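Dear colleague,

I am passing on the structure we spoke of, so that you can look through it yourself.

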Amino acid sequence: MKFLASSTIVLAGLNVFCTDAAVSRVPMKRIRETSMERIHRYAHTGEYLTQKYMGNHHEHMTETTFQVNPDGGVDHGVPLSNYMNAQYYGEIELGTPPQTFTVVFDTGSSNLWVPSTRCSSIACFLHRRYNSDQSNSYRENGTEFAIRYGTGSLEGVISEDTLTTGGVTVRNQGFAESTKEPGFTFALAKFDGILGMGFSTISVQGVIPPFYRMVEQDLIDEPVFSFYLGKDGGGGDDEYDDETQGGELVLGGVDPSHFTGDIHWSPVRRQGYWEIELEDIKFNGEYADLGPVGAAIDTGSSLIVTPTTVAELINRDLGAEKNWAGQYVLDCNAIGDLPEFCMVFSGKEFCLSARDYVLQVQGQCMSGFMGMDISPPAGPLWIVGDVFLRKFYSVYDLGNSRVGLALAA
C-alpha cells in the first residue's frame, strides 16, 4: 500500500503532507447556501438514489476481479470542497487548452459527465460548459448517452478528450457532454458534473471510467484511491456560514495523516458499486441480528439509506418524525441523550455518535437515516454515504477488489 510522505498541500487552513512526486494544489471553496436550498437538496435525495440504484444498468454487474500490475507512476491528491455536509467536489480539467469544471467524485456511479455548450437547459447555463471547438485534443465519438432521473433524463453524447485531475493527465478519456439536464436538481447544484469512480460494469454505454484509464496508462503507483471527507467548522446555527473543511481524494495510495490506527479491509461482494457485506448493526447497545446484506460505500450520497422498515424503527427510537418534505426531523436538544449506532463489517464495529448521524440545518435537526427499498438486481442494499464517511477514512482497492476503513483523523 502506497503512503504519502513529503510535500505539503494546504486544505482550508490545515497542513496535509503528501508525496515527494508532483501533487497539484486545488483551491478550496467557501460555500454559502440558504436553508431552503439545503432542504431542497435533502428532499431530492430519494429521486437521485432511485436513479443510481434502481436504474437499468445493474444487470451487467459481474463477479470478475480487475487485475493490474502497475509500473512507475506517481501519487496525486485532489482536494474536495464540502458542500454543506451534503456534497463534496473538486476540480478537473478537460481539453487542450484546459477547461475547468467542478465535479462530485462519486463511488456510486462510473461515468464522467459535464454540461456542454450544445445544451439549452437552464441548468447548463448556470454552470461551466465544455466546448469541443476550443479543444485541440478533442475526439468525436458520437454515441448517445442518457441517465434517467426522477425529474427527467440527463441526455448527451459521448466524446473523448484529455482529462487532468490532481496532477494526473489521462489521454483520450471518454465522457459525456450533457445536452439536456432535467428539473431544478442540477440547476441548484454547486457542482458542474459528476466523475464516477465505481466499477466499469455499471458504466453507461460501457465507457471506461477515468480511474481505470489511470491504471491502464501507468499514471499511478497502485490501483488504489482513498477519500477523506472533512466536517464543517463552527457549530449550531452559524456552522453553515463558516468556511468549511473540505477533504481530499488521493489517487494511487492513502494519506496516513488523515486516519488513525489500522485500515480494516472487507472484500467487495459484487463488482458494480463498492459493495461490501454488512454483517449486522448495533443500536442502543443491542445487535439487530439482521443477517448479512450488501452495503454500497458511496461518496456521492449524503445519508445512510436502509430498508424502509429499518429506517422507520431507527427513527422512531430517535424520536424523529417526518416533515412536509418526507425527511425525519427531531428535537436538537435530544442529541446528547441519543445512542450510538454501529455497523459491523468483517467482524469489526464502526460506530457513530448522535452528533455524527444527526444533521443540523439552521436550528433544525434531521436524521441521517433514510428509508428506501432497493429492488433486485441491485438490492436488497444499504447505501453508506457521507454521514458515515466523515468519521471513517475509506480506501478503494481496485486491484484486490476490497474496501478499507479506518477512523478519520
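This is a predicted model: local features need pLDDT of at least 70, side-chain atom pairs count only at pLDDT 80 or more; totals for chains, interfaces and linings use all residues.

The structure holds 17 aromatic pairs, and among them is the pair of F345 and F388, which is edge-to-face, with 6.1 Å from centre to centre and 85° between the planes. This pair links distant parts of the chain, since F345 belongs to strand 21 (residues 341-345) and F388 to helix 7 (residues 386-389), 43 residues apart. F345 counts as buried because its relative accessibility is 0%, and F388 counts as buried because its relative accessibility is 0%.

Another pair is formed by Y357 and F369, whose ring centres are 5.2 Å apart and whose planes stand at 55°, so the pair is tilted. Y357 is found in helix 6 (residues 354-357) and F369 in strand 25 (residues 369-371), so this pair ties together parts that are 12 residues apart in sequence. Both Y357 and F369 are buried.

The charged end of R402 sits over the ring of W265, at 3.7 Å from its centre, while K348 lies over the face of F350, at 5.8 Å from the ring centre.

Technical notes
Residues are numbered from 1 along each chain as its sequence is written. Side-chain values use heavy atoms; hydrogens and water are left out. Rings of Phe, Tyr and Trp (its six-membered ring) pair if their centres lie within 6.5 Å; planes under 30 degrees apart count as stacked, over 60 as edge-to-face and the rest as tilted. Helices (H or I, at least four residues) and strands (E, at least two) are DSSP runs, numbered from the N terminus. Buried means under 20% relative accessible area, exposed over 50%, partly exposed in between (1.4 Å probe, protein chains only). A charge sits over a ring if NZ of Lys or CZ of Arg is within 6 Å of the ring centre and within 35 degrees of the ring normal.
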